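Dear colleague,

Please find below the structure that I am handing over to you. My findings follow it.

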Amino acid sequence: MRTDTQLISCGNCGAESRFPAPAHAEEREPPDLDTRPGEPLRATLPFWIKRCPACGYCADEIHTVHEQAGPVIDSQVYQNQLSDARFPEKANEFICYALILERVGQLADAGWTAMHAAWICDDSASLEAAALCRQMALRAWSAGKVQGQAFHETHESEFLIVSDVHRRLGEFEHALTACNLGSEGEDLPDLLDHCFRLERALIARKDAGRGSLRDLAIFNTSAGD
Ligand SMILES: [Zn+2]
């Protein structure tokens, strides 16, 4: 992948640093059941987060910062998380950003950021670390729902995502419960209906691996693909 660099000044401490800027990537493959994009966009995941080398501020856009983020970044919990040996380096950056988002009340986004950390862990086959990140995501989303924060388009799609996260955690009963809750409606859109079927099939064979929408019949119209 061709990369350029960009000079960015940190919104928290003002330090200027260079960051790689990946070439534009689209999503040509279908996404996963947990919404992780297909390739080639999928491979750009490590570029979705930046860390200021001076103060440790991590965010998708570090030139700007929430007014309440400063004390979080300075906290021992945050600074320890930056080098938590249980997680790959990039996962720590996503988790740190999730800590900030959680503290400023953006719980749905905190959950997604924890999911990004989980995907980094998946890519480095850090299974326990990935599980911790998925639990973080579920906690943040659940806390967000209590406050009326949606983390996806509809209740049904939220249940599908929650089901998939439980399945990836090996929590097949919880996964099935979420599947049932999400698919009980009368007029489920076709795509979602197919996704729930795929999810159930994976749960039935206790498969905790990646579930891709490319395995859906509707994406498999070309023979031999
Ligand atoms: Zn900084």
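A residue counts as buried when its relative accessible area is under 20%, as exposed when it is over 50%, and as partly exposed in between. The model is a predicted one.

With these limits, E93 is buried because its relative accessibility is 5%. Its salt-bridge partner is K90, with the closest N and O atoms 2.8 Å apart. K90, at 26%, counts as partly exposed. Both residues belong to helix α3 (residues 89–103), where they are three residues apart, about one turn of the helix.

In total, 15 salt bridges were counted. Another of them joins R168 and D122, at 3.4 Å from N to O. This pair links distant parts of the chain, since R168 is in helix α6 (residues 155–168) and D122 in helix α4 (residues 107–123), 46 residues apart. R168 is buried, at 18%, whereas D122 is partly exposed, at 22%.

A further salt bridge is formed by the side chains of E29 and R214 (4.0 Å, N to O). E29 lies in the loop between β2 (16–22) and β3 (50–51) and R214 in the segment after α8, so the pair ties together parts that are 185 residues apart in sequence. A network of salt bridges links E29, D32, R42, R210 and R214.

Finally, the axes of helix α7 (residues 172–182) and helix α8 (residues 190–204) come within 10 Å and cross at roughly 160°. The two helices are therefore roughly antiparallel to each other, and their crossing is left-handed. Residues in the contact include F172 and L176 of α7 and F196 and I203 of α8. By class, the contact has seven nonpolar, two polar and two charged residues.

Yours sincerely

How values were computed. Residues numbered from 1 in each chain as written. Predicted model: local features only at pLDDT ≥ 70, side-chain atom pairs only at ≥ 80, totals over all residues. Heavy atoms only, no water. Axes fitted to C-alpha atoms, helices over the stretch in contact; angles between N-to-C directions. Helix = DSSP H or I, 4+ residues; strand = E, 2+ residues; numbered from the N terminus. Parallel < 35°, antiparallel > 145°, perpendicular 65-115°, else oblique. Left-handed = near helix turned anticlockwise from the far one by under 90°. Contact = heavy atoms within 4.5 Å. Nonpolar A, V, L, I, M, F, W, Y, C, P; charged D, E, K, R; others polar. Buried < 20%, exposed > 50% of the residue type's maximum accessible area, 1.4 Å probe, protein only.
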